[in-house]
Amino acid sequence: MGLFNRKSSQDRQEEALQMADDIAAGRGFMGKMTKAFMGSEFTEAMQQATSSIHQAEHVAALRAAGVPTQPATVLGLQDTGQTINDNPHIVLTLQLGAQAVAVQALVSRLEIPRVGEQVLVMNDPQTGGLLYAGLAPRA
């Protein structure tokens, strides 16, 4: 409205994430220029990063809605080399029932799971995929 209209911190974060999505997808002038000068590898890495952010937000919304979680044991983990706000993006190999499954997740640097620890996972009601939902509470 006005020239000096103040936006909330959340509004600014949402705008920044939308801008990053547009750039990663190659939409708009900035997206096309980024893809042209930085290359497709950079924009693919950016798409993966924004996808991780959206997945973390999706998991938080599902947990708030009461979607049930189930425990799994960490068999191994691998760093993908990506960090978002100093939080690592990792691949977890989990023992879920009788099978071993791999899940990619953005984890808090303060709560990085270790081999042998229990974590929580949930089934995504939309896609049926498995989502990392954080460390399991310790007894």
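Predicted model: local features only at pLDDT ≥ 70, side-chain atom pairs only at ≥ 80, totals over all residues.
Gln 82 touches Ala 45, Gln 48, Ala 49, Asn 87, Pro 88 and His 89, leaving aside residues up to four places away in sequence (contact means heavy atoms within 4.5 Å). The residue is found in strand β1 (residues 70-84), where helices (H or I, at least four residues) and strands (E, at least two) are DSSP runs numbered from the N terminus. Gln 82 is buried, with a relative accessible area of 15% (buried means under 20%, exposed over 50% and partly exposed in between, with a 1.4 Å probe and protein chains only).

Residues are numbered from 1 along each chain as its sequence is written, and side-chain values use heavy atoms, with hydrogens and water left out. The mean pLDDT of the protein chain (the predictor's confidence in each residue, from 0 to 100) is 84, and 97% of the residues reach 70 or more. Confidence is lowest in α1, at a mean of 77, and highest in strand β4 (residues 118-123), at 92.

On a 1 Å grid over the protein atoms alone, a cavity is a set of points where a 1.4 Å probe fits but cannot get out, whereas a pocket is an open set with protein on both sides within 12 Å along at least five of seven lines; lining residues have an atom within 4 Å of a point. Grid points are joined across faces, edges and corners, and a volume is the space filled by probe spheres set on the points. Helix α3 (40-64), β3 (99-106) and β5 (130-135) each supply at least two residues of the lining of the largest pocket, and the largest share, seven residues, comes from α3.

The second largest pocket holds about 170 Å³ and is lined by Gln 10, Gln 13, Glu 14, Ala 16, Leu 17 and Glu 57. Helix α1 (residues 9-25) gives the most to this lining, with five residues.

Finally, strand β2 (residues 87-96) pairs with β3 in the antiparallel sense over eight bridges (two strands pair if DSSP finds at least two bridges between them). Leu 96 stands opposite Gln 99 in β3.
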